[in-house]
Amino acid sequence: MSLRLYNSRTRALEDFAPLEGNRVRIYMCGLTPSADPHLGHARSMLFFDVLRRYLEFLGYAVTYVQNVTDIDDKIIRRAADEGVGWYDVVEKYYGSFVASLEKLGVRRPDVEPRATEHIPKIVEIIRGLERMGIAYESDDGVYYSVRAWPAYGQLSGRHIDELLESVRIDASEHKRDPLDFALWKKQKPGEPAWDSPWGRGRPGWHIECSAMSWEYLGEPFDIHGGGLDLIFPHHENEVAQTEPLLAGKPMANFWVHTGLLFFNGSKMSKSLGNFVPLDEELRRHDPRAVRALFLQIDYRKQANFTADSIAAATKGLQRLDETLADLARRGDVRQIEEADALEALRSPARAIEPMARAFREALDGDMNTAGALAALFAWLTAARSLEGEQAAQAARALYGALWVLGIAPAGDRLAEPRAEAVLDVARTAALRSLCERLCGHANGGSVREWVEAILDVRRQARRERNWGRSDELRDALAGVGIVVKDSKEGSTWTIAG
RNA sequence: GGCGACAUAGCCAAGUGGUAAGGCAGAGCUCUGCAAAAGCUCCAUCGUCGGUUCGACUCCGACUGUCGCCUCCA
């Protein structure tokens with residue numbers, strides 16, 4: 001068994017192996033924070049987060065770099081519009097992005113380098129290209145000469161002459177060829193600028209990724225990732241900037257591109273404006289469900305985001321949670337350590353083996369997360385009959401699988417996965433007064449204590465077989481968002497989703 | 001115009017040259033004071049037309065449809 005990944009560079013499914021020992025070096029194109037990030041951005045990051053986790057599960061030491069392109073035309077324009085500094089724009093939108101990713105359970109990259117902090121490396125690469133006759137200086141900047149690099153267009157499958165026929169290329173008297181692109185832009189009045197051999201200015205889009213991937217990972221490295229819409233021109237240009245300096249080696253061994261997200265029938269895009277900001281979307285939906293939904297779609301396919309599909313994902317996730325809690329209860333497991341969970345999945349006990357194998361086979365096949373998730377669901381029926389130590393091992397293995405997918409519930413809340421969820425302010429106040437009214441006091445001060453106090457009153461009513469009173473209390477709790485469920489073992493409660 | 005992707009049940013969605021995962025919804029049943037939840041069971045022949053093959057949903061071709069990229073884009 002080994003991981004196979006689709007490589008955009010060769011347009012084929014290939015066996016993955018690190019270039020160097022046990023170490024896997026990944027560079028992911030992050031964000032240009034000039035506007036609110038949206039769910040499409042999250043989808044890409046989510047996928048690479050799972051890839052990173054799976055590689056770790058397989059035993060590799062992963063170095064994950066994700067850049068921040070913190071200077072570009074749109075950031076400058078936005079800053080002017082809002083009357084703030086360009087760095088304020090970056091902090092605002094990047095900060096929002098980071099906060100949203102945290103909610104989604106996406107782990108922070110090992111390095112989050114910024115373009116403006118890597119001017120020396122950028123200059124070094126441009127100088128190298130200049131020496132090779134691939135870059136040239138003009139009156140408003142330094143440009144890359146696409147005709148000077150025969151392999152230009154290979155990654156994205158374009159041909160220079162065909163590109164020239166495009167209606168959108170813009171000729172400029174500053175460039176030798178309409179397809180040439182800027183490596184360095186000379187300062188215009190009022191623009192932020194850094195020193196360089198060509199005078200003050202700023203890097204063009206693309207060069208920052210060539211510089212920062214090289215700086216932190218070395219060349220060549222293992223995997224370069226990003227959204228499918230970056231393959232041209234961004235990644236093509238990165239390759240064109242980097243590979244002339246590598247004496248025939250590729251910049252990255254694997255190029256992995258994620259499919260685009262659609263909303264109302266067209267691509268989610270900052271420029272089209274057809275998106276809901278990510279932070280708003282995460283206030284509306286459970287972030288774990290959002291994540292579970294994306295896991296059920298092939299990462300390379302374009303996908304639609306709809307209210308129906310998120311609802312379906314939420315339901316499925318609840319079943320997974322309940323089974324996990326159930327296994328933990330029957331196996332008497334109070335807490336699961338990540339390392340134990342991964343080990344239980346790596347070396348599965350006999351009863352877990354079919355699930356573990358199907359799970360790995362799915363992910364080995366070009367990260368088929370939908371298949372991996374299906375393997376878990378298909379196993380749930382069998383899992384329910386496990387008892388004792390078997391149940392304990394199953395709980396750990398299931399938790400490990402959920403960890404790899406990034407949808408594991410907090411490890412110390414197995415018995416009541418949602419009980420600690422936050423109740424909104426109005427309902428908390430209503431619950432408190434309900435508690436005062438029913439119990440004559442509101443001792444404690446937590447949602448949990450108030451609910452338990454009310455449930456004690458209800459338990460008494462139930463012992464007296466006072467069903468009317470019992471139902472009344474259940475309805476009252478439902479009114480403030482607490483859902484009570486009765487079973488043979490007693491009553492449990494959760495906060496309504 | 002050039003390049004490319006996709007088309008599987010009500011919805012979402014995997015997958016394989018040998019006869020279709022999974023989730024949601026729906027139906028029936030079990031449990032239950034009731035309710036909810038949960039559990040069990042059931043529920044498709046894979047856009048159209050040709051071809052290759054012992055056999056195709058899976059390969060090839062044509063067609064139809066949807067979408068993306070062609071220098072703002074995860």
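This is a predicted model: local features need pLDDT of at least 70, side-chain atom pairs count only at pLDDT 80 or more; totals for chains, interfaces and linings use all residues.
**A protein and its RNA strand: a guided reading**

D366 is buried, with a relative accessible area of 9%. D366 counts as buried because its value of 9% falls under the cut-off of 20% relative accessible area. In the chain, D366 is found in the loop that runs between α12, residues 353-364, and α13, residues 369-383. Its backbone also deserves attention: phi of D366 is near 55°, which is a positive value in a residue other than glycine.

M367 may be considered next. M367, too, is found in the loop between α12 and α13. Phi of M367 is near 55°, again a positive value in a residue that is not glycine. Is M367 buried or exposed? With a relative accessible area of 1%, M367 is buried.

Where does P233 lie? P233 belongs to helix α7, which comprises residues 231-242.

Attention may now turn to the RNA. Around RNA strand B there are 56 residues, and those that come nearest are L179, W205, L230, S271 and R384. Of the atoms of RNA strand B that come within 4 Å of the protein, 63% belong to sugar and phosphate. What is the make-up of the protein surface near RNA strand B? Its residues divide into 19 nonpolar, 18 polar and 19 charged.

An N or O atom in the side chain of S44 is 3.0 Å from a sugar or linking oxygen of RNA strand B. The bases are contacted as well. In the side chain of D471, an N or O atom is 2.7 Å from a base nitrogen of RNA strand B. Which part of D486 lies 3.0 Å from a base nitrogen of RNA strand B? For D486 the atom concerned is a backbone N or O atom, whereas D471 uses an atom of its side chain.

Terms used:
Residues are numbered from 1 along each chain as its sequence is written. Chains are lettered from A and ligands numbered from 1 in the order in which they are written. Side-chain values use heavy atoms; hydrogens and water are left out. A residue is near a molecule or strand if one of its heavy atoms lies within 4 Å of it. A polar contact is a pair of N or O atoms within 3.5 Å; within protein, one must be able to donate a hydrogen and the other to accept it, and residues adjacent in sequence count only if both atoms are side-chain atoms. Ala, Val, Leu, Ile, Met, Phe, Trp, Tyr, Cys and Pro count as nonpolar, Asp, Glu, Lys and Arg as charged, and the others, Gly among them, as polar. Helices (H or I, at least four residues) and strands (E, at least two) are DSSP runs, numbered from the N terminus. Buried means under 20% relative accessible area, exposed over 50%, partly exposed in between (1.4 Å probe, protein chains only).
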